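Where do the nonpolar residues of this protein sit? Look at the sequence and the model below before reading on.

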Amino acid sequence: MTQLATPRQAERRTYDTPGDDFETITSQALTEMQDLGADDPRRVQLRERVIEACVPLARRVASRFAHRGEELEDLTQVALVAAIKAVDRFDSERGGSFLHYVLPTMTGEVKRHFRDRGWMMRVQRQLQELHLQISRAVPGLTQQLGRVPTAADLSEHLGVSVAQVGAGMDCARAYRAFSLNAPVRTGDADVELGELVGGVDTDLESVPERQALWQAVGKLPAREQKILILRFFGNLTQAEIAKTVGVSQMHVSRLLTQSLHRLRDALLDEEM
């Protein structure tokens, strides 16, 4: 397994042909690799040379995502791992540019890193994507409207409901946790955040599950939502629900069973 070079180590290294650009260095090495066997020592050397040539590019890709709460060195390693995969997959016989192949590969891997591993609390991918859409829309709308856009402005621009905009904005709080030792200004005094936190909340661990359940319930038909609320929050019997909704008790039973199956399937799909 190739040992990843740190950016500082790579900056101290020189290539065999000083002055050659990235494309010349990599295309020559990749072309030679294509004709060598997998166990050929020369192929291993050429592969490592291409990977080392990718390190400065990996740093530049990572720097585009700086100031998002992740260390630049960590993002550089994520981009470099993607570059290694690109080196192993690239087919020089097709005649394409390696730069045009490796650059989107590294960029995509860093984006997936933020999407899948950058959140401190698990958030549905749909909400993550909505949060990113809101973040991209705010600067343009601010310039267009001459003010900070409201939830209604974002709702109209993105074609989603105001409630969905609120959920997308709120999920940003799940991205990064604050240290309990972080200073907080309260009135005229500076205290640590931990001093403002209450006692242990035994229900805190169930927050992600509650949020996921609430979103799954919101996708059910209105009548099924009403029956669930009457049964599990109103504590009504099936007979009482049947009278309220205007259907038979047997139909209420079928709808309850159907709704619970849908919720279970939705929550299981989210976990996978």
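The model is predicted. Its largest nonpolar core has 31 residues. Within it, Cys 54, Phe 98, Val 102, Met 106 and Val 110 touch the most other members. Helices H2, H3, H4 and H5 each supply at least two residues of this core. H3 gives the most, with ten residues.

| Helix | Residues |
|---|---|
| H2 | 22-34 |
| H3 | 41-63 |
| H4 | 72-89 |
| H5 | 98-117 |

Take Phe 98. Leaving aside residues up to four places away in sequence, Phe 98 touches Phe 22, Glu 23, Thr 26, Leu 30, Val 50, Cys 54, Ala 86, Val 87 and Phe 90.

Another core, of 13 residues, lies apart from the largest one. Leu 228, Leu 230, Val 252 and Leu 255 are among its members.

In soluble globular proteins, nonpolar side chains tend to be buried together.

Ile 25 lies in helix H2. Ile 25 counts as buried because its relative accessibility is 2%, and buried means under 20%. Ile 25 and Ala 53 are 28 residues apart along the chain, and their C-alpha atoms are separated by 7.7 Å.

Ile 229 lies in helix H10, residues 222-232. Its relative accessibility is 45%, so Ile 229 counts as partly exposed. Together with Phe 232, Phe 233 and Leu 260, Ile 229 forms a nonpolar patch on the surface. The accessible area of these residues together is about 450 Å².

Terms used: Residues are numbered from 1 along each chain as its sequence is written. This is a predicted model: local features need pLDDT of at least 70, side-chain atom pairs count only at pLDDT 80 or more; totals for chains, interfaces and linings use all residues. Side-chain values use heavy atoms; hydrogens and water are left out. A nonpolar core is a set of buried Ala, Val, Leu, Ile, Met, Phe, Trp, Tyr and Cys residues joined through side-chain atoms within 4.5 Å. Buried means under 20% relative accessible area, exposed over 50%, partly exposed in between (1.4 Å probe, protein chains only). Helices (H or I, at least four residues) and strands (E, at least two) are DSSP runs, numbered from the N terminus. Contact means heavy atoms within 4.5 Å. Patches are made of residues with over 30% relative accessible area and no salt bridge: like charges are joined within 9 Å, nonpolar side chains (Val, Leu, Ile, Met, Phe, Trp, Tyr) within 5 Å. Accessible areas come from the Shrake-Rupley method with a 1.4 Å probe; for residues, only the protein chains shown count as cover. A salt bridge is a side-chain nitrogen of Lys or Arg within 4 Å of a carboxyl oxygen of Asp or Glu.
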